[in-house]
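Subject: Structure for your files

Hello,

Here is the structure you will be working with. Please look it over first; notes on what was found come after it.

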Amino acid sequence: MTEVYLDNAATTRALPSVVEAVSRALAHAYGNPSSLHRKGMEAEAILKEARGLLARILDVSAGEIVFTSGGTESNALAIKGTAYARRRRGRHLVTTRIEHSSVLSAFRDLEAEGFSVTYLPVDREGRVDPADVRAAVSDETTLVSVMMVNNEIGTVQPIGAIARAAREKRPDVVVHVDAVQALGVMPVRPKELGVDLVSVSGHKIHGPKGVGALYVRKGLQIQPLFGKGSQEGGLRSGTENVPGIAGFGAALRALAEETGEERERLRSLRERLITELLEIEGARLNGARGEGAAPHIANFSFPGVRGEVLVHALEERSVYVSTGSACTSRTVAVSHVLKALGLPEEALESSIRISLSKLTTEDEIAFAVAAIKDAVASLRRMLSRR
Amino acid sequence: MASVILVRYGEIGLKGKNRPAFERRLVENVRRALGSGAGAAVRNEYGRIVVDFGEAEAVPGWALDRIRSVFGVVSVSPAASVELSLEAAREKAAALVEERLKSAAGPLRFKVETKRSNKRFPLTSPEMNARLGSFLLRRFPLLEVDVHRPDFVLHVEVREKAIYLYTEILAGPGGLPVGSSSTGLLLLSGGIDSPVAGWLAMKRGIRVQAVHYHSFPFTSDRSKEKVIDLAAVLSRYSPEPVPLYVVNFTPAQTAIRQHAPAAMVITLMRRMMLRIAERLAKERGIPALITGESVGQVASQTLESMAAINEVTSMPILRPLVTMDKAEIIELAERIGTYEISILPYADCCTVFVPEHPETKPKLEAVRRAEERLAIQELVEEAVATVERIEPAALALR
C-alpha cells in the first residue's frame, strides 16, 4: 500500500471526472458568463448545470443557490449578511461552542461591532440540546447558526429540532446551518430541516478547492459581503469561478449518482475502525458512535502519546491523519471542540482525527489500524523511562 | 561618464602582509554578492573597490543593498565617474545638486570637499573646491555655502583615470570578508538566537557550515524546512551557501529520555549534540564550533551548565551572543531577516522533551554517572553515519 489518506475532513482528493471538468473549462469554456456572445453562454451553461445539480441534491430551487469561494465565505455571507440585514430588528445572535473557526471568527467580528452572541454548550458527545436553543433565543435574536456535522469529532446535531425550538420563541428568526462536513455523507435538505441558509464546500466532496455555495431561502434578504454586483443574484459580485464551479458540478454529479449503500459502507468502515482502535490500551473515542455521528469522521485519544507526534509517526508509515490540538513550542493549542466536550487534559493533548471518504477501502482501514497500533506502541516504548 | 559604487573597507587595510589576500577575498565576495548577471565590473583601486556599471544612468538600488550586506565593507557611495576635466566635473556636480534640490523643501547648505591623489591634475584641492563651489552657487540660487554645518557635502575625488563625484556615504556592516578566517560549525536550531550567532561569526570572516538536530516524529518536517530557510537567509551574507547537515537525533534523544533523570535531560542532550558536532567538524577539518548560547537566558545556559556541557569537547566553542540581552539579539535577528522565520510556531527538538524543572547547576559527577547508562559512542556513530547534507544549490534557490 503506497499511501493511505485518512484526512478527508481537511480536504479530499479530486475525482478524475473533476480534474477533467476543470481542465476542460479552463481550456475551452473560458468565456465570461456575463458576455453576450456564444463563449459567454458556454460558460453560463456550466454554471447552470452545476447549480441545477446542487439544487436537486438539496431539494431546493436553482435560484436559491449562490456560488462562493468556499465554506468560509458561505459562512461569513450567511452570518454577517443576516446580522447586518436585520440589525434594526435585533442585535443578538446564537451559535455553539463547537463551530468551525470560520463561523466563530464571523461572530467575533460581529461582537466587536456591538452585536451580542450566545455560545451554546454541548454534551459529552458534542451534541447541542434544543432546549438550550429555546432558552437562548430572545426578542432580540435574529440568527441561530449551528453546524450539521462537527469537523473534528463527526457528531451530528439535531438540526430539525433546533430550528423548531428556535422558532417557538421567535418565528421569524433566521436559521443557518454549516453543512460543509455533512454534504456527501448524509441527506442535507433545507426545507425538510426548516432552515434558511446552508453552507457547502466543493473540496470536501472530491471537488476543487476555492469553490462552495450558500443556499439562501427564496425571499430571505441578506446583505452581500462586498459590492453589489450583478452576479449570483446580487449577493456575490465578481466574475464567477467557472473552472471551479465546473469541477464542483462534476463532484455533485458523482454524488447524485451514489446510492444509500455507499453511506452504509462508510458507516461500517467507521465502526470497524472504532472497534479495532479501542483495543489499544487507554484508547478513547471522542464524540458519538452509531447514528449520532457522521459515517466519515472519528476522533480518538491515546493517552501518553501527543497527537502531533502520532501524526508524524503515522506519516512515516504512509498514513495521513490530523490532530485537533496542535503543539506549538511548549504550549499546546487545545482544540476548542475537544475542550467543549470536557475531556481530561491528557485526552486533549493526545487526540487524532481520522476521516474517511468514498475512496477509502476496507484494505486501507486494515492497513491504518495496524500502523496506528504499531506507532502507538513504539512511541509509548520510546517515551517510557527505564 | 559612468555610474559606479565606491566601496570602502577599513580593518582589512591594516593587516600588513595579509592585505593583498584580504583584498582579493573582498573583491571576490562583492562579485559573488552581485551575481553574474549584474553587468558590473568589480576592480580594486588604491585601497578601495570600484563597482563599475558603465553607461548606466544610475547604480541599481538592489546592487547597493547587496554590497551593503557584504562583511568587510565599511561604507559605500553611489557615485558618478567623469573624465579628468573641470568641465566634466562641473556638469556632473550640477546634475547631482539638482537631484538634491528636487527632494528638498527649501534652501540647502553645502560644501565641496575635494581629494586629489592625481598630482598631475592642474588644479589643487582647494582650487577645485573654490571653482566648483562658486559655479554651483551662481547656477542654483537656493544653495548656500556652510563649511561647518552643511546639509550635504559634494565629494570630489580626483584619481589617476577619472574624477568621482558623490554626495552620499552609506554604512556597510564592517567586519572581515567571509572566508578570510577559517570555518566554524554552527549548531543551528529553529530559534531566534543561533542564526544571529552564525551571522556574527561570519562578521569576523568565518566561513560557516551548520548542523541541525532533527527528531522526527517528535518534530515535524515543517520545523526542518524552517531551519533550511534560516540557512538560506544566512547564505545571503556568505560568498557561498551555508551547507546544512541534518542529524537524525531521535535515537539519542529517546535513549537519554529513557535512561536519564528528567532534570538532567537537557544537559545530556546538549552534551550529545556537542559530541556529534565535534565529530562532524573534525571529519571536515573544521576547527571550531559556534552556538547561540547567552548567559542566563534559559535554565540550561548558566555558567555551571555551560561548563557541564563544554566538558565533552576540547574544540573551541564560539558563543557570539554570550553577553547579549534578548532584546539586542531580536533586534539583530530582525535586521538580518531571520526573525520572521524563527518565530514560526513549529516545535524544535529541544522543546518537546523539556522537563518542567531542568537542572540549573548540573554537577559533573552526577552527569557522568547518568551517562554511564548510555551507549554514548554508538549513539554518536549512528548519528554521524546517517547525517543528511542539504545541498547548497537547493539553498541558493530560496
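How many salt bridges are there over all chains? The count comes to 50, where a salt bridge is a side-chain nitrogen of Lys or Arg within 4 Å of a carboxyl oxygen of Asp or Glu.

This is a predicted model, in which local features need pLDDT of at least 70 and side-chain atom pairs count only at pLDDT 80 or more, while totals for chains, interfaces and linings use all residues. Residues are numbered from 1 along each chain as its sequence is written, chains are lettered from A and ligands numbered from 1 in the order in which they are written, and side-chain values use heavy atoms, with hydrogens and water left out.

Salt bridges in chain A

R217(A) and D196(A) form one of them, with their closest N and O atoms 2.6 Å apart. This pair links distant parts of the chain, 21 residues apart: R217(A) is in the loop between β8 and α8, and D196(A) in the loop between α7 and β7. Helices (H or I, at least four residues) and strands (E, at least two) are DSSP runs, numbered from the N terminus. D196(A) is buried, at 4% relative accessible area, whereas R217(A) is partly exposed at 32%. Buried means under 20% relative accessible area, exposed over 50%, and partly exposed in between (1.4 Å probe, protein chains only).

Another salt bridge, at 3.5 Å from N to O, joins R24(A) and E20(A). Both residues lie in helix α1 of chain A, four residues apart, about one turn of the helix.

Chain B

Chain B has 15 helices and 15 strands, and 56% of its 398 residues count as buried. Its C-alpha atoms fill a box of roughly 85 × 40 × 35 Å along the principal axes.

D146(B) sits in the loop between β6 and β7. The D146(B) side chain does reach the backbone nitrogen of H148(B), at 2.9 Å.

In strand β1, S3(B) is buried, with 3% relative accessibility. A polar atom of the S3(B) side chain lies 3.3 Å from the backbone oxygen of E57(B).

Regards

Notes:
Polar contact = N/O pair within 3.5 Å; in protein donor to acceptor, adjacent residues only side chain to side chain.
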